[in-house]
Amino acid sequence: MKSNHVLYIRNTLAGLLVTVFFLWLALRGVSFDLIDTTLNSIRWVYLILPLMIWGVGLIARAMRWRLLLNNKLTPRDSLSVIGIVYMLNATIPFRAGELARLYLVARSGKEISGWTVLTTVLTETILDMLSIVLLLTMIIPFLAISKATIVTGLLIGLVFAVGFIVLLIFARRPQIAHSILDGINRIFPPLGRLPLRSLLDKLLQGIMPLAKWRTLILALLWTSLIWGSTVLAIWSASLAIPQFSFSGDLPAGLVLVLVSTSLGAIVPFTMAGVGPFEAGVVFGLGVVGISQEVAVTFGIILHVLMILHFILWGMIGILTLRLSLIDIRGLTTYIRLKLFPPETKTTPMDIKSQEI
């Protein structure tokens, strides 16, 4: 138990350091008087639009996840779970919301294994990263981005494109995955003692929906709606800033904001993504010549608005699923134990029989 406290403190300190570093990048040299001036000029009524548009995107995420689960959850339950997941991801470090998926799906009583849920998360991540890189590729001709940034983005896209192709091949030809595993076991015989075949079967079960052309096409359509609505939400939020002009390359800069903040969300330690998000906004708008003060102001407003949006949908999800105080305590305990498991002495047999 003592080591768990040490791990918690270490991760918390790491998160603070990451947050402070990125906030320093976003705020260094900024004039707070100009930020105050920008805040006083905000047209707050326009901020209602992104809240509505983000809602469309969240519904699309829920429908895509339900599709990847082979429609085993009702639309209401999938939307409720996704609302809670994103609320937790937006407010708690370590992407704890993904653990909430496991707990809430298990609580639903549906015959959905934990590995299937985790596989859908992997598939969602690959689809989203491919979308981000596609957006970056579309705006590159309009922006003066360094070659290093372009190459990094394209390499990330290539990795996830290969990963998606591999998933599709395994979904349609599971025997190929088994043959590869058999070959690995022959090269490294000690690996045969591990439950790799069982894990592979669970992975294949989770990606089986992608073997159907209809499911694949619908997943791509939902993904397009997710990211199309997200772009539209950021553009609509920018209407609240009088200093923005949609002439020139500002629209491309706003898409770059989406790309950079989405990549910044990969950082797991920060609380609510504070730091990387604001730095991503400053970087994206700085490329198109927006002043640092206006960019910081827009980043803070956009971030707060996004967190409030996710909290709203999370609370709706809690009420819709009728989670009691006992359920919420069970959820928090489950997340804590998964993040910081108690020290126990395990044997190879324990490891082999352990299930998610």
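Which backbone oxygen lies 2.5 Å from a polar atom of the side chain of Arg 66? The backbone oxygen of Leu 73 does.

## Basis

This is a predicted model; local features need pLDDT of at least 70, side-chain atom pairs count only at pLDDT 80 or more, and totals for chains, interfaces and linings use all residues. Residues are numbered from 1 along each chain as its sequence is written, and side-chain values use heavy atoms, without hydrogens and water.

## Arg 66

Arg 66 sits in helix α3. Helices are DSSP runs of H or I, at least four residues, numbered from the N terminus. Arg 66 touches Asn 71, Lys 72, Leu 73, Thr 74, Pro 75 and Ser 78, leaving aside residues up to four places away in sequence. Touching means contact, with heavy atoms within 4.5 Å. The C-alpha atom of Gly 248 is 40 Å from that of Arg 66, at 182 residues along the chain.

## α3 against α4

Helices α3 (residues 48-68) and α4 (residues 75-91) pack at about 115 degrees, axes 8 Å apart. Axes are lines fitted to C-alpha atoms over the stretch in contact; angles run from 0 to 180 degrees between N-to-C directions.

On the α3 side, the meeting residues include Arg 61, Trp 65 and Arg 66. On the α4 side, they include Pro 75, Ser 78 and Tyr 86. The contact divides into 10 nonpolar, 2 polar and 2 charged residues.

## Lining of the largest pocket

The largest pocket is lined by 48 residues. Arg 61, Tyr 86, Arg 95, Ser 262 and Ala 265 lie nearest its centre. A pocket is an open set of points on a 1 Å grid where a 1.4 Å probe fits, with protein on both sides within 12 Å along at least five of seven lines; lining residues have an atom within 4 Å of a point.

Helix α6 gives the most to the lining, with 8 residues.

Terms used: Helix = DSSP H or I, 4+ residues; strand = E, 2+ residues; numbered from the N terminus. Nonpolar A, V, L, I, M, F, W, Y, C, P; charged D, E, K, R; others polar. Polar contact = N/O pair within 3.5 Å; in protein donor to acceptor, adjacent residues only side chain to side chain.
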